[in-house]
Amino acid sequence: MRVFLNPGHAPCGCPDPGAVNSGTGLRECDVAKNIAVLVEKYLTKAGVSVSGNLQSNSLYEVVSASNNIDADVFVSIHCNAFNGVAHGTETWHYHTSKYGKLLAGCIQRQIVDALGTADRGVKGAVPHTDNSLYVLNNTDAVAVLVETAFIDNAEDEVLLRTKQDEFARAIARGITDFEQEADSL
């Protein structure tokens with residue numbers, strides 16, 4: 001299995017850092033990159049091939065890179081933000097992808113169980129709707145987008161700042177769980 005990782009938003013936050021916690025200055029681009037580097041480390045230790053780990057402001061570049069290396073699994077890592085009150089973890093997949101839904105469920109379970117975040121569920125992204133997510137709609141691999149936690153929520157921000165290793169381990173375990181479960185289908 002070849003895995004492609006995509007930490008969300010632009011490298012070094014320029015021009016787009018993603019969501020930012022206004023009180024602490026914690027930036028989505030930095031959290032996503034740190035977690036992706038750790039996910040790669042844990043997957044490699046587990047014998048899983050990580051064929052790419054690309055953070056770019058160009059979603060076209062990200063999707064093309066994944067498609068060009070013929071990745072089997074694509075995981076985009078993000079932090080959510082809304083109103084400072086919303087909290088928890090949600091994982092998105094392409095709405096008709098049976099394997100995407102399975103991968104999303106494996107990662108979602110691992111994060112919620114390991115970190116105790118609120119389970120906001122597994123969600124299907126439908127093209128040309130408000131829930132449409134470009135990377136899920138244009139990637140050939142089994143693809144998910146993980147919204148680890150809400151960076152603008154005080155409690156979730158603490159997790160995102162202090163528990164990046166735990167998020168990474170959970171995502172890596174979710175990917176290896178998927179590999180085992182998909183093989184049995």
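## Stop 1: the largest pocket

Select strand S1 (2–7), strand S3 (73–80), helix H4 (134–138) and strand S6 (142–150): each of these supplies at least two residues of the lining of the largest pocket. Keep in mind that this is a predicted model.

Which element gives the largest share of the lining? Strand S3 does, with three residues. The volume of this pocket is about 240 Å³. Now show side chains for Gly 8, His 9, Leu 59, His 78 and Leu 145, the closest to the pocket centre among the 18 lining residues. Colour the lining by class, and you get eight nonpolar, seven polar and three charged residues.

## Stop 2: the loop between S1 and H1

Go to Cys 12, in the loop between S1 and H1. Check its backbone: phi is positive, about 60°, although Cys 12 is not a glycine.

Next, select Cys 14 and Pro 15. The peptide bond that joins them is cis, with omega about 10°. Pro 15 also has its place in the loop between S1 and H1.

## Stop 3: H1 against H6

Select helix H1 (residues 28–45) together with H6. Their axes come within 8 Å and cross at roughly 50°. That angle makes H1 oblique to H6. The crossing is right-handed.

Show the side chains at the contact. From H1, take Val 31, Asn 34, Ile 35, Leu 38, Val 39, Tyr 42 and Leu 43. From H6, take Gln 164, Asp 165, Phe 167, Ala 168, Arg 169, Ile 171, Ala 172, Ile 175 and Thr 176. By class, the contact of H1 with H6 holds eleven nonpolar, three polar and two charged residues.

## Stop 4: H3 against H6

On the H3 side, select Tyr 99, Leu 102, Leu 103, Cys 106, Ile 107, Arg 109, Gln 110, Ile 111, Ala 114 and Leu 115. On the H6 side, the contact is made by Glu 166, Phe 167, Ala 170, Ile 171, Arg 173, Gly 174, Ile 175, Asp 177, Phe 178, Glu 181 and Ala 182. The contact of H3 with H6 counts 14 nonpolar, two polar and five charged residues.

## Stop 5: H5 against H6

Finish with helix H5 (residues 154–162), again alongside H6. The axes of this pair are 5 Å apart, at an angle of about 80°. That makes H5 roughly perpendicular to H6.

Select Leu 159, Leu 160, Arg 161 and Thr 162 on H5, then Gln 164, Glu 166 and Phe 167 on H6: these residues make the contact. They divide into three nonpolar, two polar and two charged.

Before you leave, highlight Phe 167 of H6. It takes part in the contact with H1, in the contact with H3 and in the contact with H5.

Methods: Residues are numbered from 1 along each chain as its sequence is written. This is a predicted model: local features need pLDDT of at least 70, side-chain atom pairs count only at pLDDT 80 or more; totals for chains, interfaces and linings use all residues. Side-chain values use heavy atoms; hydrogens and water are left out. Contact means heavy atoms within 4.5 Å. Helices (H or I, at least four residues) and strands (E, at least two) are DSSP runs, numbered from the N terminus. Ala, Val, Leu, Ile, Met, Phe, Trp, Tyr, Cys and Pro count as nonpolar, Asp, Glu, Lys and Arg as charged, and the others, Gly among them, as polar. On a 1 Å grid over the protein atoms alone, a cavity is a set of points where a 1.4 Å probe fits but cannot get out, and a pocket is an open set with protein on both sides within 12 Å along at least five of seven lines; lining residues have an atom within 4 Å of a point. Grid points are joined across faces, edges and corners, and a volume is the space filled by probe spheres set on the points. Axes are lines fitted to C-alpha atoms, for helices over the stretch in contact, and angles run from 0 to 180 degrees between N-to-C directions. Angles under 35 degrees count as roughly parallel, over 145 as roughly antiparallel, 65 to 115 as roughly perpendicular and the rest as oblique. A crossing is left-handed if the near helix is turned anticlockwise from the far one by less than a right angle, and right-handed if clockwise.
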